[in-house]
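Here is a short briefing to read alongside the model. Please keep the sequence and the 3D view open as you go.

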Amino acid sequence: MDRLRSIHTEQLRISQQWAMMKDYDEEHAKQLRKEALLINHSRYLEKIPVYKKMAKEEGIDRIDDLETIKKYLMFTDDVFKSYDQSLLDNNDFAGMNEWLSSIFHERINVDVRGVKSIDEWIGRLAPHGINLCYSSGTSGRFSFIPRCSQSWELLLTAPICYCAPYVTSLGITTFIENIVVRLAVSLLDPFRFAGIARDFTLPGYDGIFLSFQRGNMGIQMVAQELSKVFKNSFFLYDMDISASAIRIITRGARNEEERKTVENFYNETIVKSKERYRNIIEHLKESARKGRKVLLFGAPYQFKELVELVRKKEGSVKLKKGSMMMTGGGWKSFEGNKIERKDLTAMIRDTFDVPEKNIRDGYSMTEVNSLILVCEHGRYHLPPIIEPVILDDNFIPMEGENIYGRLGFLDPFAVSYPGFIITGDNVRYHYGKCDCGMYGAAFSEITRAPGREIKGCGGIMTEIASIKA
């Protein structure tokens with residue numbers, strides 16, 4: 001593990017150079033990825049039952065190439081929801097522990113007697129160093145991703161490590177802020193850099209998040225982590241996002257207690273929706289009055305709702321120069337209709353007087369330990385940490401510098417669960433120099449693969465809204 005930690009540290013350093021658009025040793029980055037991924041392969045083979053079973057069925061043991069992994073040892077993200085649904089229906093969390101042990105690098109023997117909800121189960125695992133994140137689609141079938149303390153540290157470290165210097169490269173921050181960030185990158189170990197970034201609140205900025213203040217759901221956790229770097233942070237929903245409530249909503253209430261849970265959640269998120277958005281508008285206006293910059297973060301459909309309400313009630317809210325807008329979580333509207341990114345970007349620009357270079361979208365998934373930001377040319381640039389894989393309709397890896405297919409990742413930072421993952425998204429893959437100045441792997445034209453359900457907050461909120469329809 002010492003060697004793996006050393007590789008991860010070097011990968012983070014390279015990602016910082018890449019983010020600042022400095023020259024980096026591409027071949028060295030490639031070799032580091034390969035070495036880390038092969039170490040992970042050996043770990044999975046030894047410690048993770050579901051991976052060991054797949055490798056045995058394919059007749060694979062020790063290997064020295066990534067092509068074997070790409071062809072035979074990648075999982076669709078369905079592996080993270082491969083449990084029997086009756087376990088959750090019957091509150092059989094001992095059974096869920098048994099299933100979770102099949103995709104985790106250690107056997108889980110945590111006492112779950114008396115646990116009656118997903119949220120309680122997550123809380124019971126956490127003190128034992130098992131950090132459980134989840135995502136859900138409209139079917140209500142949850143994906144659970146278990147991370148050990150090392151995986152958790154990498155999840156929290158990587159995006160801060162390269163996103164902070166990336167922002168400085170956009171010309172958004174002040175001269176002094178640029179100098180501080182670049183000096184910190186050159187002097188500090190990446191883990192120390194990320195730790196200081198989390199502990200040192202950003203002067204002059206308020207964080208405003210169109211999300212839930214607490215919870216273990218994918219995109220919500222991104223907002224929660226981002227909020228820690230601001231002295232002042234405000235959330236659209238100053239409440240938990242309950243995993244149990246989401247499952248009841250998407251699956252359907254079965255008894256009076258569950259119906260009350262749905263009713264309460266509906267009232268807090270839908271009935272009070274306009275009131276909550278108006279509170280956010282007041283926070284934006286207050287930040288503008290005090291001359292403070294804003295980072296506004298949320299899903300595209302939430303930005304759309306906010307912008308429409310601002311236009312109706314205020315006309316516009318002019319934010320301080322240097323404010324940033326960040327979207328994430330999928331480009332489906334609340335009603336399920338696609339929002340064009342260029343159209344929403346123009347709406348945000350005009351409503352808040354923010355230049356387009358300050359409006360960025362991020363792509364990620366709960367199973368992967370990176371945040372991938374879009375550039376002004378519509379390309380999502382992958383940090384040189386991750387090995388991308390593009391597959392055809394038969395899940396056979398393809399090669400090329402401009403190809404279309406199913407997006408997959410080999411993630412060196414996934415040390416406690418299988419990190420060789422085929423996503424539910426199709427993309428246009430690019431490799432080379434982008435007009436924005438970045439070099440390497442990137443993708444665009446993201447669409448959900450046929451037959452794959454919509455995941456994330458937008459799909460779930462649509463389900464909630466339909467309850468009273």
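Let's start at Trp-121: setting aside neighbours within four places in sequence, Trp-121 is in contact with Phe-93, Met-96, Asn-97, Leu-100, Val-112, Val-115, Leu-132 and Phe-144. Do keep in mind that this is a predicted model. The protein chain has 17 helices and 15 strands, and 56% of its 469 residues count as buried. Among contacts in the protein chain between residues at least 6 apart in sequence, 69% join residues at least 24 apart.

**The nonpolar core**

- The largest nonpolar core has 146 residues, and Trp-121, Phe-144, Leu-306 and Phe-352 are the ones with the most contacts inside it.
- Helix α8 (residues 149-169) gives the most to this core, contributing eight residues.
- Trp-121 and Phe-144 also belong to one aromatic cluster, together with Tyr-83, Phe-93, Trp-99, Tyr-134 and Phe-142.

**Strand β14 and its partners**

- How many of the 14 residues of strand β14 (residues 420-433) are buried? Eleven of them are, so the strand is largely enclosed by the rest of the structure.
- Strand β1 (residues 75-76) pairs with β14 in the parallel sense over two bridges, and here Thr-76 stands opposite Ile-422 in β14.
- Strand β13 (residues 402-410) pairs with β14 in the antiparallel sense over eight bridges, with Ile-403 opposite Tyr-429 in β14.
- Strand β15 (residues 439-448) also runs antiparallel to β14, and eight bridges join the two; His-430 stands opposite Ala-442 in β15.
- The hairpin of β14 and β15 has five residues between the strands, and in it Gly-437 takes a positive phi near 110 degrees.

**Aromatic pairs and charges over rings**

- The structure holds 21 aromatic pairs.
- In the pair of Tyr-380 and Phe-443, the ring centres are 5.6 Å apart and the planes are at 10 degrees; the angle is under 30 degrees, so the pair counts as stacked.
- This pair links distant parts of the chain, with Tyr-380 in strand β10 (residues 380-381) and Phe-443 in strand β15, 63 residues apart.
- Are Tyr-380 and Phe-443 buried or exposed? Tyr-380 has 5% relative accessibility and counts as buried, and Phe-443 counts as buried too, at 1%.
- Arg-5 lies over the face of Phe-191, at 3.8 Å from the ring centre.
- The charged end of Arg-141 sits over the ring of Tyr-83, 5.7 Å from its centre; Tyr-83 is one of the residues in the aromatic cluster described above.

- Val-368 is found in the loop between β8 (359-363) and β9 (372-373).
- Val-368 has 4% relative accessibility, which is under 20%, so it counts as buried.
- Which residues is Val-368 in contact with, leaving aside its neighbours within four places in sequence? They are Arg-147, Leu-155, Ile-386, Phe-409, Asp-411 and Tyr-417.
- For one of these contacts, the separation is worth a look: Val-368 and Asp-411 are 43 residues apart in sequence and 6.8 Å apart in space, C-alpha to C-alpha.
- Ser-151 has its place in helix α8, and with a relative accessible area of 0% it is buried.
- Not counting residues up to four places away in sequence, Ser-151 touches Asn-369, Phe-413, Ala-414, Val-415 and Ser-416.

**Cysteines**

- The structure holds zero disulfides.
- Cys-434 is in no disulfide, and its nearest cysteine sulfur, that of Cys-436, is 3.7 Å away.
- Why is Cys-434 counted as buried? Its relative accessible area is 5%, and the cut-off for buried is under 20%.
- Cys-148 also counts as buried, at 10% relative accessibility.

Technical notes. Residues are numbered from 1 along each chain as its sequence is written. This is a predicted model: local features need pLDDT of at least 70, side-chain atom pairs count only at pLDDT 80 or more; totals for chains, interfaces and linings use all residues. Side-chain values use heavy atoms; hydrogens and water are left out. Buried means under 20% relative accessible area, exposed over 50%, partly exposed in between (1.4 Å probe, protein chains only). Helices (H or I, at least four residues) and strands (E, at least two) are DSSP runs, numbered from the N terminus. Two strands pair if DSSP finds at least two bridges between them. Rings of Phe, Tyr and Trp (its six-membered ring) pair if their centres lie within 6.5 Å; planes under 30 degrees apart count as stacked, over 60 as edge-to-face and the rest as tilted. A charge sits over a ring if NZ of Lys or CZ of Arg is within 6 Å of the ring centre and within 35 degrees of the ring normal. Contact means heavy atoms within 4.5 Å. A nonpolar core is a set of buried Ala, Val, Leu, Ile, Met, Phe, Trp, Tyr and Cys residues joined through side-chain atoms within 4.5 Å. A disulfide is a pair of cysteine sulfur atoms within 2.5 Å.
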